[in-house]
Amino acid sequence: MRSSRKRLDVGSLTLDVALVAVVACLLQTSNVKLQAQSAPFQRDSAAFYRAMDLEGAGKYREAGAEFRRALFTSTSVSSLLGLERVYAELKITDSLLVPLDSLIRAYPKEPVYRSVQLRSLQSLGREPDQRQAFEKWVVDAPKDPAPYREYSRQLLQQGQAIRADSILARARIQLGGTGDLQLEVAQSRAALGQWEESAKSWRLALINAPYLEQAAAYSLAPAPLQLRDPIRAQFFAPPLLVAARRTLATLESTWGSPANGWVALRDLPPDSASANAWLDFAQRAEAEERWTHAREALSAVLKYKNTPDIALRAAVAALNSGDPGGALSLAPLTGGGADSARVARTLLPVHIRALAALGRPATAERLVTSYERWLTPTARATLARSIAFGWVRIGDMGRARTALTVAGPDADSSDAAGWLALYAGDLVTARRLLRTGGDASPELALALGAVARVKGDSSLELGQAFLKLARADTAGAASALVECAEKLPDVASLLIYTAGQLRAAQRNDAQAIPLYQRVVEQYAMSAEAPTAELEWARALQRRGDSASAVQRLEHLILSYPQSALVPQARRDLELVRQAIP
Amino acid sequence: LVLGLAASSARAQQLLVPMDDQQQNHLKAYGLTFAALKAGMKAEWLLNYRGGSFLLPDTPELRRRAGLDGITMEPVGVGEVNSIRAEIANSNMDAIPLEKAPRVAVYTPPDAPPWDDAVTLALKYAGIEYTPIYDDEVEKGDLSKYDWLHLHHEDFTGQLNKFHLGYRDASWFVDLVQKNASTARRLGFTNIPALKKSVAEKIRLFVERGGFLFAMCGATETLELAMAGNSVDLAGAFADGSPMDENADAKMDWKRSLAFQNAHLEQSPFVNSMSDIDGHQVNVPGRRQPLGAFTLFNFSAKFDPVNAMLVQNHRSVIPDFFGVTTSFTKALLKPGDSILAFEEGAPWVKYVHGDYGKGTWTYYGGHDPEDPQHAIGNPPTDLSLHKGSPGYRLILNNVLFPAAKKKPLKT
């Protein structure tokens, strides 16, 4: 059904937000005017406050009487808006028209009265009267953009974009331009599917009203894929406008490409407005764990505003994005003027992790030594684990072991020590110490599963396979796990399945599929069989073999009806069969 | 209780597919029953028994499909079946034999995705085969090949749901106008309203000759208007170049329509409404009525099995949902119409049914039972997240109802 959207897709939320702003402005100007023209008004506002209390208590009828009493006091505008609310609740909006007529006769140029009149007539379905009221307003205030703004906005809310468009065209002729109506022009263009024109108007509107950034992004978000480039061109066009670029960045994220969002922001000049845009972007990227974008944005901020907090965030983002060298340079230990205790608490752990990742554990050790007196035993043990992994990465297991031992009992009985034991094939120690691991990483879960299921006390082959994994040798680890499976039948299905996952992670489905198949066919009763079959089906689907994928999914559902994976398999099956969108 | 295939390897005599809250996937259960009929098996619809359950033969194929689709079923032996039949005999229940899978057609534009319409969504999800047909096929006389016809949310007055009011220059709307105008020209009509009236007339004849018609949303109201206004200019100038006949109301021939009479047309081309048939008027802000909930009428299964079939459900009160036409003004129904669902105290009804000639029609207001405020651009409904949707069940009741063997009324 398309037409029920008509009342919604003109960006009613956006309009509401804008409406609040406009009404607030109108209220301010009206109150000033009313104070200046208060001769016929009484200054008593008690009735208004009584009305507010009654409205708050849900006594609309009584509130209506009080609001009416307050209509010709200094709170006239607020009372009228209150009356509009309570009459709507009582479904007697038509009763508002008579007092409105009196108010408009007394103050024909007051825009709030006119706006309420148009709204009331619209909600009563009296569209010809609404149109007539608009025409009268235009006659009474011929050079005022307000009637055009209000009426076109209401038409847009009703989904009547074409009529709104014609009203705005009239405004262009009568007022000599639509400079004050860019928001409405932009909305009407978007509602008509004229995306490029809408973007152009939004850009103009954003010059004086940068707070409309979210409204612009909301309005342009439905633009079809093939029509987005002209929108981009409008927002990229010179002169550079930060609000326009921010809008585009939001749009790009909505359209599913945060990378393009960063493209929209990266060449902004380093000033406070740009820094705020970069910080907002970085915050979203951090929350979504898009570390490369977070690093880029925070690095840009540092060029304008270099604070220890931002430097630390940039370094963490760099480290998490796989750029340990960048982490070291973005947050140097000597920069920022921080005292040593603070450096030890904040920057040092990042530097140690970065050095370990770079294969420079000796440098990391020297650094830790230089900050020794500011480190608590717990912090020291944490750093020792990072250093130990640095030694593992360069293949020196002995130094890794020593790094933990010298750091004290905390480090030596940690999960890091458990990992070292596993790499050395000491399954008894690994079983005991890995359980103390605080993180819930997939690697730890895999290791715990493996060492728990192997019946023996040692396996150098298993240790070597995990060591290859730790050294980021994915292909080597996959091969080692498969070889190891021959010697460890208790855990063979887990190891082969894991090897399949490693191959799939390398986008090598051709090698992953036989491994999944082996688990399903040779180890059909194992815990890994259903999950291997699901991954098998997904790999087949990725390769475009839907028929075989269906076979696997059906086999899984029927063979393992009690498996927790059955709902996922059913959903995959629906998708492969195109039974759901 | 036995769930799925694995729980019982021994074959029972029959499979009971419960449709109460025990059922894990109500919508797929209709597909299972349809598949059984399609394969030449006999089935029974146990009206009012555990939410309108199905009794199917116990075959490996059906067990397999139930297992794959996550449909709850209970193998039952002769003794249990006898016990069920005894309960049915002594209550407001009945067992209706289902004999033959109906040939299903859906009147829908060739390029419309199935997610654009609640019925095609439901059929796709349940795994019920259907043939999409559109103006060319209808004009060619293909309707006679089908038992059951569903109407996509078409505007049979030819005004394209008055989308021009808000979308005159939107590319999808321009495309829609061009396609329809081109079809009209190709089939020898001067404009889109003339083409759609002709299609509406063929649909009327389809029902008159014994077809089962099911329509939702705006297709209900506009089909009625197009039938009654077959010789009246109903369309605004934007659609056919001439304004609506000023005396259109007086010229409507309500003897030709299926469900409504004495409706008043919306004369203004600027008001997004077709007539006063729709009780909710969702696209006319000053007239729009809020959504409530509708109640299914509880019919006698033994004396009124057709209506009882159409309201089989595990819920009797269902949240309402908007559509171009959301509901039907009660005062405009013809005297013989059956009200299947209504909103307590409201001047409109939600779901109506009736006979016409040798056939029947059923109208269900609203667009998507699981997306009450559906709007253009909204993501399509994923029925795997609404497996027990009571609103969608009403649609699928209609698909199976033509499979029922006609029984003489006991009155």
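Phe214(B) stands opposite Thr362(B) of strand β15(B), in a predicted model. Strands and helices are DSSP runs numbered from the N terminus, strands (E) of at least two residues and helices (H or I) of at least four. Strand β14(B), residues 348-356, is joined to β15(B) by 6 bridges and runs antiparallel, with His353(B) as the bridge partner of Thr362(B). In the hairpin of β14(B) and β15(B), 2 residues lie between the strands, and Gly357(B) takes a positive phi near 55°.Strand β15(B), residues 359-364, is mostly covered, with 6 of its 6 residues buried; buried denotes under 20% relative accessible area, exposed over 50%, and partly exposed the range in between (1.4 Å probe, protein chains only). In a regular strand, side chains alternate between the two faces of the sheet. Both faces of β15(B) are covered, one by way of the buried residues Gly359(B), Trp361(B) and Tyr363(B), the other with Thr360(B), Thr362(B) and Tyr364(B), also buried.

Phe214(B) and Tyr364(B) also belong to one aromatic cluster, together with Trp148(B), Phe294(B), Phe321(B) and Tyr351(B). Rings of Phe, Tyr and Trp (its six-membered ring) pair if their centres lie within 6.5 Å, and planes under 30 degrees apart count as stacked, over 60 as edge-to-face and the rest as tilted. By this rule, 25 aromatic pairs are counted over all chains. The pair of Phe48(A) and Phe67(A) is tilted, because the ring centres are 6.0 Å apart and the planes stand at 50°. This pair links distant parts of the chain, 19 residues apart: Phe48(A) lies in helix α2(A), residues 46-56, and Phe67(A) in helix α3(A), residues 60-69. Phe48(A) counts as buried at 9% relative accessibility, and Phe67(A) counts as buried at 0%.

Two arginines of chain A are placed over aromatic rings. A charge sits over a ring if NZ of Lys or CZ of Arg is within 6 Å of the ring centre and within 35 degrees of the ring normal. The charged end of Arg290(A) sits 5.6 Å from the centre of the Phe281(A) ring, and Arg552(A) lies over the face of Trp536(A) at 4.2 Å from the ring centre.

Helices α34(A), residues 546-559, and α35(A), residues 566-576, pack with their axes 9 Å apart at an angle of about 155°. Axes are lines fitted to C-alpha atoms, for helices over the stretch in contact, and angles run from 0 to 180 degrees between N-to-C directions. The two helices α34(A) and α35(A) are therefore roughly antiparallel, where angles under 35 degrees count as roughly parallel, over 145 as roughly antiparallel, 65 to 115 as roughly perpendicular and the rest as oblique.

In chain B, 5 strands form an open antiparallel sheet in the order β4-β1-β3-β2-β5. Strands β4(B) (74-76) and β5(B) (94-98) stand at the edges with a single partner strand each, so one side of each is left without a neighbour in the sheet. Within this sheet, β1(B) (residues 14-17) and β3(B) (residues 53-57) pair in the antiparallel sense over 4 bridges, and Gln14(B) has Pro57(B) in β3(B) as its bridge partner.

Pro238(A) and Pro239(A) are joined by a cis peptide bond with omega of about -5°. Lys91(A), a residue other than glycine, has a positive phi near 60° and counts as exposed at 72% relative accessibility.

Residues are numbered from 1 along each chain as its sequence is written, and chains are lettered from A and ligands numbered from 1 in the order in which they are written. In this predicted model, local features need pLDDT of at least 70 and side-chain atom pairs count only at pLDDT 80 or more, whereas totals for chains, interfaces and linings use all residues; side-chain values use heavy atoms, with hydrogens and water left out.

Definitions and conventions
Pairing = 2+ DSSP bridges.
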